[in-house]
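Dear colleague,

Please find below the sequence and the structure that I am handing over to you. My notes on what was found follow directly after them.

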Amino acid sequence: MKLYYSPLACSLADHIALLEAGVPFERESVNLKTKRTASGADFNAVTRKGYVPALVLDSGEILTENIAVLDWLATEYPTLGIPGNLGRTRVLEALVFISTEVHRSFKPMWHASSETQKAQAKATISKLLDILSERLAGNYLFGATPSVADFYLFVMLLWAERYDVGIPAPFVALRRRMASRPAVQAAMRQEGLISLIDSEANAHTREERDHVTG
Ligand SMILES: N[C@@H](CCC(=O)N[C@@H](CS)C(=O)NCC(=O)O)C(=O)O
């Protein structure tokens, strides 16, 4: 398996998922402006869509679209999903909300937009994250362990921090919790992003220690 990704792009969710699953995979970064991969290949030849994530399966088939890639990963490696009757549907429901509502709402932040449009986008994202936080069922969206939906959400929470978007308090805690996970730290290190979460991960470790010893 090979993941095409770009640092801090939505493909970080898939990168984390692969590391959480503990499966062997290759990865190659893509310059999204030039559409060249790190080895100099033409990324448009991998997928004409020209965007990440793209996951090349061992069969040679190529999966694109984050919802589909994350759903495939959770089906293939069930620890990345949630069990039960409606388990897969609930994860899909969250993935679709994160992709088509939250992710899409960030677009004015990196396209030429007025300050008013950016302020409107921030208010929309805060409201959407607020709605999503209402379904938090434990330490993570669906309970005690994270699913692929949490990995995608985590990327949105990193973007929120970068663009100064207000997020609900439970998601500040979730971002910290995620930042302290070894797979998340490994993915961030591999993408050259570890400095973004150093303080969060340390804060979480401090909280845990104070909780245990306090
Ligand atoms: N519909 C795609 C969109 C993915 C997407 O927006 N990828 C961004 C990074 S987060 C990208 O590669 N943008 C570069 C481009 O579109 O040229 C999906 O949901 O996977």
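Leaving aside its neighbours within four places in sequence, Gln 185 is in contact (heavy atoms within 4.5 Å) with Ala 179, Ser 180, Ile 194, Ile 197 and Ala 201. This is a predicted model, in which local features need pLDDT of at least 70 and side-chain atom pairs count only at pLDDT 80 or more, while totals for chains, interfaces and linings use all residues. Residues are numbered from 1 along each chain as its sequence is written, and side-chain values use heavy atoms, with hydrogens and water left out.

Gln 185 itself belongs to helix α9, residues 182–190. Helices (H or I, at least four residues) and strands (E, at least two) are DSSP runs, numbered from the N terminus. From Gln 185 to Arg 48 there are 137 residues in sequence, and their C-alpha atoms are 31 Å apart in space.

Aromatic pairs

Seven aromatic pairs were found in a search of the whole structure. Rings of Phe, Tyr and Trp (its six-membered ring) pair if their centres lie within 6.5 Å; planes under 30 degrees apart count as stacked, over 60 as edge-to-face and the rest as tilted. One of the pairs is edge-to-face and joins Phe 106 to Trp 159, with 5.3 Å from centre to centre and 80° between the planes. Phe 106 sits in the loop between α4 (87–105) and α5 (107–110) and Trp 159 in helix α7 (residues 148–162), so this pair ties together parts that are 53 residues apart in sequence. Both Phe 106 and Trp 159 are buried; buried means under 20% relative accessible area, exposed over 50%, and partly exposed in between (1.4 Å probe, protein chains only).

Trp 110 and Tyr 163 form a tilted pair, 6.1 Å centre to centre with 50° between the planes. This pair too links distant parts of the chain, 53 residues apart: Trp 110 is in helix α5, and Tyr 163 is in the loop between α7 and α8 (169–179). Trp 110 has 35% relative accessibility and therefore counts as partly exposed. Tyr 163, at 23%, also counts as partly exposed. Phe 106, Trp 110, Trp 159 and Tyr 163 together make up one aromatic cluster.

Packing of α3 against α4

The axes of helix α3 (residues 66–76) and α4 come within 10 Å and cross at roughly 155°. Axes here are lines fitted to C-alpha atoms, for helices over the stretch in contact, and angles run from 0 to 180 degrees between N-to-C directions. The two helices, α3 and α4, are therefore roughly antiparallel to each other (under 35 degrees counts as roughly parallel, over 145 as roughly antiparallel, 65 to 115 as roughly perpendicular and the rest as oblique). The crossing of α3 with α4 is right-handed. On the α3 side, Ile 67, Leu 70, Asp 71 and Thr 75 take part, and they meet Arg 88, Leu 92, Leu 95, Val 96 and Ser 99 of α4. By class, five nonpolar, two polar and two charged residues make this contact.

Backbone features

Which residues does a cis peptide bond join? They are Val 52 and Pro 53, with omega at about 5°, and Pro 53 lies in the loop between α2 and β4. Leu 8, although not a glycine, has a positive phi of about 65°. Leu 8 is placed in the loop between β1 (2–5) and α1, and with 9% relative accessibility it counts as buried. Glu 65, likewise a residue other than glycine, has a positive phi near 75°. Glu 65 is located in the loop between β5 (62–64) and α3 and is partly exposed, with a relative accessible area of 34%. For context, most residues other than glycine have a negative phi, and most peptide bonds are trans.

Two buried loop residues

Thr 47 is found in the loop between α2 (43–46) and β4 (54–56). At 7% relative accessibility, Thr 47 counts as buried. Not counting residues up to four places away in sequence, Thr 47 touches Ala 54 and Thr 64.

Val 23 has its place in the loop between α1 (12–21) and β2 (26–31) and, at 17% relative accessibility, counts as buried. With residues up to four places away in sequence again not counted, Val 23 touches Met 1, Leu 18 and Tyr 77. The C-alpha atom of Val 23 is separated by 22 Å from that of Val 46, which is 23 residues apart from Val 23 along the chain.

With kind regards

Note on methods. A crossing is left-handed if the near helix is turned anticlockwise from the far one by less than a right angle, and right-handed if clockwise. Ala, Val, Leu, Ile, Met, Phe, Trp, Tyr, Cys and Pro count as nonpolar, Asp, Glu, Lys and Arg as charged, and the others, Gly among them, as polar.
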